[in-house]
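Please look over the sequence and the model below before reading on.

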Amino acid sequence: MKKIAILLFLIPLFLNAKEYTLESPSGRLNVKVTVEKNVQYSVFLGDKEIISPSPISMTIENEVMGKDAKVRRAKITSANEVIVPVVQRKYAEIPDVYNQLSLAFKGYNLLFRAYDEGVAYRWEVTKDAPLKVMGEQATFTFPADYMVWFPEEESMFSHQERLYEEAKLSEISSDRFASTGLLVDAGNNVKVYISESDLISDYAGMFLKGSAENPHRLVGKYAGVVLEEERLTDRDVKPVKYADYIADLKGPKSFPWRVMIISDEDRQLVQSEMIYKLAPENVIENTDWIKPGKVAWDWWNALNVYGVDFESGVNNETYKYYIDLAAEYDLDYIILDEGWYHLDDIMNVVDEIDVKELVDYGQEKGVEVILWVVWKALDDKLFEALDQFEEWGVKGIKIDFMQRDDQWMVNFYEKIARECAERKLLVDYHGAYKPVGLDRKYPNVISYEGLKGMENCKWSDQPDPEHNLTLPFIRMVAGPMDYTPGAMINKNKENFRDIFTEPMSPGTRCHQLGMYVVFESPLQMLSDNPSNYYREPECMEFLEAVPSVWDDTKVLDAKVSDYILMARRSGNTWFVGAMTDWSPREMELDLKFLPEGTHKMEVWKDGINASKHATDFAQQEMEVTNGSKINIEMAPGGGWVGIITKE
């Protein structure tokens with residue numbers, strides 16, 4: 001990730017001041033920090049108070065950082081940089097423009113950073129000594145009883161795969177808590193997204209709970225250091241005793257950024273890369289081997305292929321069938337999900353699988369192999385297993401069922417990223433917390449789950465189009481999400497059924513196609529049965545063409561939980577995707593973002609009977625220019641996609 005330009009200003013501040021002000025580069029946002037008996041901050045959008053005075057502190061053993069503190073030095077720095085990510089997501093280049101306020105106290109610092117899209121703060125301990133973090137006070141106080149999209153959790157032992165329930169701040173008591181990110185509707189189209197960045201090592205992730213002191217406040221909640229755990233199954237290792245402290249580490253230490261992205265148009269949330277910008281820089285020197293791409297995935301469709309002359313299941317013949325599909329449609333990878341090894345021993349491969357034979361077969365056809373692993377089985381024989389994967393020529397791992405973000409598990413994430421990078425292995429985290437910057441420091445971390453994705457349709461009626469139209473504005477703001485789209489059996493709300501071995505999706509076929517433009521994952525799945533894909537050559541025209549990373553992204557129209565219309569560019573080709581919730585919808589696509597000249601647009605849209613038969617779709621081809629305006633019609637739970645190329 002190359003820094004193209006940087007501009008730095010130092011602005012001295014009066015040390016006897018009790019209030020410090022920081023503006024974002026354009027002046028859109030303003031942060032006020034007061035330092036008296038405690039430290040409080042507030043945030044303004046223009047003259048509107050968005051975050052009311054909110055106390056913050058951190059307790060290191062017997063010292064409370066931020067209490068009765070005196071500022072020794074204060075300065076503002078301004079930076080103008082361009083990040084060139086190793087693995088693109090929304091953009092080939094990411095502008096990184098901000099102002100930063102640094103307040104130095106005895107033994108620690110407090111930093112505030114203001115972008116035009118949001119603000120963040122973090123604590124830093126400067127002393128070189130052992131540290132025990134007893135607690136962190138992170139508060140987010142609002143001036144009114146706003147509505148929250150609240151991904152409520154029952155335990156901190158969680159996959160963090162939640163629905164976003166709507167609740168008033170006053171309804172969230174201090175014994176209710178949610179995973180982050182979380183979105184607050186601050187009225188007049190203003191939204192506040194709260195999460196964290198640079199949670200890389202030696203700390204715990206942040207949840208948010210209600211406040212007993214203020215009904216309009218959200219308060220940070222953290223898992224303590226795990227003292228005892230119980231292994232319930234081959235994959236579930238549950239903490240049963242926590243310490244009364246968050247982290248035990250050695251200073252100096254920079255703690256995670258507490259992030260607030262503030263939008264006055266919902267589309268701004270989808271376009272934000274603030275979590276990524278606050279993350280540490282890439283530490284991998286040679287990154288040429290890190291390749292995003294699309295994947296033929298086995299688990300969702302239960303390996304239930306048909307129309308073949310072999311018995312389907314966990315065996316090499318079936319996986320060669322997946323490799324053949326991948327080769328025919330220019331997919332980069334296949335995954336061997338659960339079943340390829342005996343679950344009690346990752347080094348004990350089942351008799352029906354020969355991994356090296358599959359790797360060799362795939363490489364002959366330009367298709368690489370990724371292996372699913374349970375985290376505990378991998379950790380039990382970590383170096384032996386990773387060395388074996390490297391020797392086989394495997395391209396990466398999909399690691400699953402961590403379900404924790406305490407200090408030990410946060411360190412485990414980085415250990416896996418580092419050890420895999422040394423062996424040129426990609427990492428896809430499942431059963432995981434949301435992205436918090438590890439994918440910038442270790443760009444071989446290619447995607448994450450930590451959301452209610454389509455796998456849940458095998459046993460429930462969720463996720464449905466309502467949930468799908470919430471994800472881009474909350475979970476996806478943090479970074480890549482391995483939702484696993486691609487269902488070829490599609491049903492409307494009345495006809496949907498959860499069938500584990502022959503799953504389907506709620507919503508239309510074009511709703512599924514729209515996900516490949518809207519949902520971000522540099523490792524993007526095709527989750528359905530290869531036999532079904534062979535029966536859908538028209539849809540495979542689109543799925544073969546659509547990339548998994550982008551040079552540019554434009555959100556054209558969007559509303560949280562209702563609809564989205566966006567255009568993304570790869571090279572000289574534009575891909576347009578639209579999705580709606582269970583409400584039928586018409587939208588206007590204004591093609592003014594196109595360069596001059598005549599272009600060809602190929603369209604896949606909901607068919608005339610898609611409201612009754614959700615698999616119904618139609619294709620269309622037309623000539624367009626940057627003056628064209630196209631009417632889009634979507635059925636309930638519908639979608640629309642287009643590919644635009646220069647004539």
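The side chain of asparagine 631 makes a polar contact with the side chain of glutamate 586 at 3.5 Å, and another with the side chain of glutamate 633 at 3.4 Å; a polar contact is a pair of N or O atoms within 3.5 Å, where within protein one must be able to donate a hydrogen and the other to accept it, and where residues adjacent in sequence count only if both atoms are side-chain atoms. This is a predicted model, in which local features need pLDDT of at least 70 and side-chain atom pairs count only at pLDDT 80 or more, while totals for chains, interfaces and linings use all residues. Residues are numbered from 1 along each chain as its sequence is written, and side-chain values use heavy atoms, with hydrogens and water left out.

Asparagine 631 lies in strand 41 (residues 629-634), strands being DSSP runs of E with at least two residues and helices runs of H or I with at least four, numbered from the N terminus. With 47% relative accessibility, asparagine 631 counts as partly exposed, the class between buried (under 20% relative accessible area) and exposed (over 50%), for a 1.4 Å probe and protein chains only. When residues up to four places away in sequence are not counted, asparagine 631 touches Glu586 and Met587, contact meaning heavy atoms within 4.5 Å. Although methionine 587 is 44 residues apart from asparagine 631 along the chain, their C-alpha atoms are separated by 6.0 Å.

Serine 211, by contrast, is found in the loop between strand 19 (207-210) and strand 20 (217-221), and it is buried, with a relative accessible area of 13%. Its side chain reaches the backbone nitrogen of glutamate 213 at 3.1 Å, and that of asparagine 214 at 3.1 Å. Leaving aside neighbours within four places in sequence, serine 211 is in contact with Ile172, Ser174, Arg217 and Val219.

In helix 4 (residues 355-364), the buried residues are Val355, Leu358, Val359, Tyr361 and Gly362. Seen down the helix axis, they fall within an arc of 165°, so they line one face of helix 4; the arc is that of the directions from the axis to the C-beta atoms. Their cover includes helix 3 (316-328), strand 27 (333-336), strand 28 (368-374) and helix 6 (382-392). At the start of helix 4, a side-chain oxygen of aspartate 354 comes to within 3.2 Å of the backbone nitrogen of lysine 356, and the helix is followed by glycine 366, whose phi is positive, near 75°.

The search of the whole structure finds 2 cavities of 30 Å³ or more.

| Space | Volume |
|---|---|
| Largest pocket | about 360 Å³ |
| Largest cavity | about 100 Å³ |
| Second largest cavity | about 60 Å³ |

The largest pocket is lined by 16 residues, of which Glu117, Gln271, Ser272, Glu273 and Lys277 lie nearest its centre, and strand 8 gives the most to this lining, with 3 residues. Among the 14 residues lining the largest cavity, Tyr164, Thr180, Gly181, Gly450 and Arg475 lie nearest its centre.

Note on methods. 1 Å grid on protein atoms, 1.4 Å probe; cavity = no way out; pocket = protein on both sides within 12 Å on 5 of 7 lines; lining within 4 Å. Points joined across faces, edges and corners; volume = space filled by probe spheres on them.
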